[in-house]
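Visitor: I have a new structure to look at, and I'd like to learn how to read it. Could you walk me through a few features?

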Amino acid sequence: MKIVQSVQSLFNSKKEFYGILQKRVSETLVLRKKKTWHFVDRLKTIESFALKLETGRFDKYSIFHDFYACTLVVENLDEIDNSEKLIEGLFEIVEKKPNSKSYTFKSTDSFPFDDLRLYCRLGDKYIGSINPDIKTFIFEVQIKTFLQHAWSIATHDIIYKTDRIAWGKERVAFQVKAALEQAEVAISGANNLSKVNELAKENKIVKKTNRVIILLSQLFQKDDLPNDKRRLAQNVISLIETLDISPKDLEGILKKETASGRGTLTKNLSPFQVIIKSIYMQEQSKVTSYLRKRKTRGYKLLISPEMGINELRNVVKANKISLEI
């Protein structure tokens, strides 16, 4: 595409400075964003710059407002506010689109691009040596969820990079966008949706897992338990079912062990290993008889040296995971 000299000169007049701005903004956000968020950025190409100028909707000043643009990609709709607060604390927000959470210009049957865009500048909030003029440059921060971002990447070439517009392809792209928006709403409202009669149900596995989670939460200190209590509960269920111990029996075992100064008072073992040792101390025969079985369900009992159960060293190795070196 032919770019006239005046447009090229306008582009070049700011390119180097926006390159510096890009480095400062990206460094600032990458260091402070949540680890689970994704960050991407770009400087506008000369061709994109020229085409935007030719729309007739921008003057030689406003044309630069998205010359540098970056995107924060967050887990779901609930994280949009948190990411916006992060941006607000780091930069000066000049403009916000859309500017209202409760009002939209979209009709109910359309799904145009409407991701949150914050037009910012470094301003006086930025601490660091930099050309004072660069602090006034406006740049764009888009905030998207992973589903929104995935749609943008997957359909960008279909919609924007094509030699011939195909109504059918764009129709499909926006049908997918509508489906993903519905998915976002469902994810965001999962807590409330789960209370609807058709969904407010349990099955045997869910009831059993929740029962064990409640039991562990009652007997162990909160800080002793992992964030993923579901996985711990599932591991415990596999263990006690293998050893033919009920959740009620396990509760009694842990309470007896704790009363004797061990059990949940033990701080050098994981909760799971505390449970194994407690079962061994109270129901030794069940543990040793399982380890001596020739035929098992393939379940291996985890025995670590920190448990101090030295008498199990020489018991059949096929049925245990020994961490002895």
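**Reading strands and rings**

Guide: Let's begin with strand 2, which is mostly covered: seven of its seven residues are buried. Keep in mind that this is a predicted model.

Visitor: Which residues of strand 2 lie on one side, and which on the other?

Guide: Tyr68, Cys70, Leu72 and Val74 are on one side, while Ala69, Thr71 and Val73 are on the other. Every one of these is buried, so both faces of strand 2 are covered, given that buried means under 20% relative accessible area.

Visitor: Okay, now the neighbours. In what sense do strand 1 and strand 2 pair, parallel or antiparallel?

Guide: For pairing, we look for bridges between two strands. Strand 1, residues 38-43, runs antiparallel to strand 2, with six bridges between them. Take Phe39: its bridge partner in strand 2 is Leu72.

Visitor: And how many bridges join strand 2 and strand 5?

Guide: Six bridges again, but here the sense is parallel; strand 5 covers residues 139-145. Thr71 stands opposite Gln142 of strand 5.

Visitor: Let's move on to the rings. How many aromatic pairs are there?

Guide: Two rings count as a pair if their centres lie within 6.5 Å. By that rule there are 12 aromatic pairs. One of them joins Phe11 and Phe67, tilted at 50 degrees between the planes and 5.1 Å centre to centre.

Visitor: Why does the pair of Phe11 and Phe67 tie together parts that are apart in sequence?

Guide: Phe11 belongs to helix 1 (residues 5-32), whereas Phe67 is in the loop between helix 2 (46-53) and strand 2 (68-74), so the pair ties together parts 56 residues apart in sequence. Both Phe11 and Phe67 are buried. They also belong to a cluster linked by ring pairs, along with Phe17, Tyr18, Phe49, Phe64 and Phe137.

Visitor: What about Trp151 and Phe174?

Guide: They form a tilted pair too, 5.6 Å centre to centre with 55 degrees between the planes. Trp151 sits in helix 4 (residues 146-159) and Phe174 in helix 5 (residues 167-188), so this pair links distant parts of the chain, 23 residues apart.

Visitor: Is Trp151 buried or exposed?

Guide: Buried, with a relative accessible area of 10%. Phe174, at 26% relative accessibility, counts as partly exposed.

Visitor: Last one: which residue lies over the face of Trp151?

Guide: That's Lys177, at 5.5 Å from the ring centre. Elsewhere, the charged end of Lys52 sits over the ring of Phe58, 4.4 Å from its centre.

Technical notes
Residues are numbered from 1 along each chain as its sequence is written. This is a predicted model: local features need pLDDT of at least 70, side-chain atom pairs count only at pLDDT 80 or more; totals for chains, interfaces and linings use all residues. Side-chain values use heavy atoms; hydrogens and water are left out. Rings of Phe, Tyr and Trp (its six-membered ring) pair if their centres lie within 6.5 Å; planes under 30 degrees apart count as stacked, over 60 as edge-to-face and the rest as tilted. Helices (H or I, at least four residues) and strands (E, at least two) are DSSP runs, numbered from the N terminus. Buried means under 20% relative accessible area, exposed over 50%, partly exposed in between (1.4 Å probe, protein chains only). A charge sits over a ring if NZ of Lys or CZ of Arg is within 6 Å of the ring centre and within 35 degrees of the ring normal.
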